[in-house]
Amino acid sequence: MNVLVALTALLLLGGIVYLGVEIAGLEFLFGVIIPYAAVLTFLIGLVIRVISWARTPVPFRITTTCGQQRSLSWISPNRIDNPSTTLGVLGRMALEIFLFRSLFRNTRNELREGENRLVIGPSKWLWLMGLAFHWSFLIILLRHLRLFVEPVPQITLLIQSLDGFFQVGVPVVYSTSLLFVTAATLLFVRRIVLPQVRYLSLPTDYFPLFLLISIAGSGIILRHFIKIDIVRVKEVVLGLMTFRPEAGGLPVLFYFHLFLVSVLLAYFPFSKLVHMAGVVLSPTRNLANNNRRIRHVNPWDYPVKTHTYQEYEEEFRGKMIGAGIPVEEEDNG
Amino acid sequence: MSDYGKIILGLVGFLVLCTSPFWYQVLSSDGLPAPELKLPVGEQGCVESKEYMRALHMDLLNRWRDAVVRDGERIYVSTSGREYQMSLTGTCLGCHTSRADFCDQCHTYVGSENYCWSCHVEPINLRVEAR
């Protein structure tokens with residue numbers, strides 16, 4: 001059901017492009033106005049999101065610890081999994097952001113038939129697919145710079161020559177294109193095949209996957225099957241980059257690709273995709289575990305009125321003695 | 001709380017990184033440089049139509065290579081019925097003599113690497129070297 005909701009949303013988007021460009025001829029809307037609006041939504045939405053997170057106070061260290069805390073000098077601490085210094089935190093964050101270290105700990109539980117016991121074992125597939133997916137995505141983004149910038153940056157040329165190293169087909173097939181589609185498809189299949197994950201999956205889990213698979217798919221078709229006039233594409237994109245937009249002269253599928261990218265950008269700050277910013281701001285990861293060495297005072301603690309036992313006894317000593325209740329200090333006045 | 005400054009700094013860094021293609025474009029060039037092709041003078045047209053060649057020339061060259069190298073066929077019959085020798089050096093470069101004035105104009109513009117030149121050589125250079 002959730003899959004169908006997401007799929008319907010995607011089909012609707014596709015229908016909108018087809019009707020808009022092919023039937024109504026709104027190439028300027030889909031080629032210029034919507035992309036500009038989407039980029040603005042992405043940038044402003046992300047800024048608002050991050051600032052709202054930045055304003056949220058984190059008075060205490062709520063680090064998740066996965067190793068020995070730094071304590072006595074003869075106990076060896078785990079400097080990365082239980083960081084006590086900023087350097088350790090930087091190491092931990094780098095491993096988290098670039099290698100998805102916490103996902104590497106992913107485990108799978110299953111009740112073995114016949115054995116009647118729960119077996120917990122490592123499960124690296126999600127980590128591997130996630131890593132392949134995100135890194136391919138980054139490389140694909142960097143490859144696209146050749147259409148956004150003139151002259152084409154050297155780094156882009158280097159990346160694409162490495163990516164198309166095997167020179168299969170004309171235009172050359174990039175290995176990250178294949179890797180991206182494979183990984184995204186497997187991430188989708190995982191949600192369908194594993195009953196526990198399917199139970200947890202919402203339309204908002206399927207939708208970004210469908211969106212990304214469609215973007216990648218349309219890009220691959222444009223490059224390898226339709227063989228779009230790439231010079232025209234660059235003219236149009238450079239027109240957008242220099243605020244001298246001109247639309248037209250390109251097939252509907254190009255507008256489909258562009259529109260879905262626009263949807264992705266506009267959807268980004270309001271959805272789970274914002275984990276791109278969130279991963280950096282996870283208080284369970286980006287704080288040093290120094291709770292016991294440094295005193296952290298909650299800044300908005302209410303100044304609590306206290307009435308100590310000494311003060312109490314001082315006040316009621318006479319009555320307590322009269323009632324035979326033992327007191328700590330006999331009357332000294 | 002105390003990290004507010006650091007987070008804003010990171011955010012600004014991200015925004016600069018995100019919009020860097022735009023700044024690069026604004027700072028690195030004046031106007032929109034478009035490829036300028038030097039077309040051969042006195043020719044009626046290419047092997048196929050202009051639109052076809054523009055989008056699919058690499059496809060055609062690939063098929064020519066396969067036909068010549070694998071099947072030994074050397075004659076290409078175009079959609080208009082004319083016969084051509086399937087040869088990059090002879091037919092293509094016979095008219096489009098300069099790689100820099102023709103091929104590289106678009107290929108550099110869109111950053112598309114063509115590996116024709118790892119085997120083939122421009123006839124112009126060949127004549128110069130032979131002298």
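Guide: Buried residues make up 27% of the 131 residues in chain B, where buried means under 20% relative accessible area, exposed over 50% and partly exposed in between, with a 1.4 Å probe and protein chains only. Keep in mind that this is a predicted model, where local features need pLDDT of at least 70, side-chain atom pairs count only at pLDDT 80 or more, and totals for chains, interfaces and linings use all residues. Residues are numbered from 1 along each chain as its sequence is written, chains are lettered from A and ligands numbered from 1 in the order in which they are written, and side-chain values use heavy atoms, with hydrogens and water left out.

Visitor: Thanks! How many helices and strands does chain B have?
Guide: Chain B has 6 helices and 2 strands, and their order from the N terminus is α-α-α-β-β-α-α-α. Helices (H or I, at least four residues) and strands (E, at least two) are DSSP runs, numbered from the N terminus.

Visitor: And which share of the contacts in chain B joins residues at least 24 apart?
Guide: That share is 52%, among contacts in chain B between residues at least 6 apart in sequence. Contact means heavy atoms within 4.5 Å.

Visitor: At what angle do α1 and α2 of chain B cross?
Guide: The axes of α1 (residues 4-18) and α2 (residues 20-28) of chain B cross at roughly 55° and come within 4 Å. That makes α1(B) oblique to α2(B). On this scale, angles under 35 degrees count as roughly parallel, over 145 as roughly antiparallel, 65 to 115 as roughly perpendicular and the rest as oblique. The axes are lines fitted to C-alpha atoms, for helices over the stretch in contact, and angles run from 0 to 180 degrees between N-to-C directions.

Visitor: Which residues meet there?
Guide: From α1(B) come B:V16, B:L17 and B:C18, which meet B:S20, B:P21 and B:W23 of α2(B). The residues of this contact divide into 5 nonpolar, 1 polar and no charged. In that scheme Ala, Val, Leu, Ile, Met, Phe, Trp, Tyr, Cys and Pro count as nonpolar, Asp, Glu, Lys and Arg as charged, and the others, Gly among them, as polar.

Visitor: Switching to rings: how many aromatic pairs are there over all chains?
Guide: A search of the whole structure finds 19. Rings of Phe, Tyr and Trp (its six-membered ring) pair if their centres lie within 6.5 Å; planes under 30 degrees apart count as stacked, over 60 as edge-to-face and the rest as tilted. One of the pairs is A:F133 with A:F180, stacked at 5.0 Å centre to centre with 20° between the planes. The pair links distant parts of the chain, with A:F133 in α5 (residues 125-148) and A:F180 in α7 (residues 175-193) of chain A, 47 residues apart.

Visitor: Are those two buried or exposed?
Guide: A:F133 is buried, and so is A:F180. Another pair, B:F22 and B:W23, is edge-to-face, at 5.0 Å centre to centre and 65° between the planes. B:F22 counts as partly exposed at 21% relative accessibility, and B:W23 counts as partly exposed at 45%.

Visitor: Which cluster do ring pairs link them into?
Guide: Ring pairs link B:F22 and B:W23 with A:Y36 and A:F243 into a cluster. A:F243 sits in the loop between α10 (230-241) and α11 (252-267) of chain A, and is exposed, with a relative accessible area of 54%.

Visitor: What is phi of A:F243?
Guide: Phi of A:F243 is near 60°, a positive value in a residue other than glycine. Most residues other than glycine have a negative phi, and most peptide bonds are trans. A:F100 also has a positive phi, near 55°, and lies in the loop between α3 (86-99) and α4 (101-104) of chain A.

Visitor: Where are cis peptide bonds found?
Guide: One cis bond joins A:E150 and A:P151, with omega about 0°, and another joins A:V170 and A:P171, with omega about -10°. A:P151 lies in the loop between α5 and α6 (154-163) of chain A, while A:P171 is in the loop between α6 and α7.
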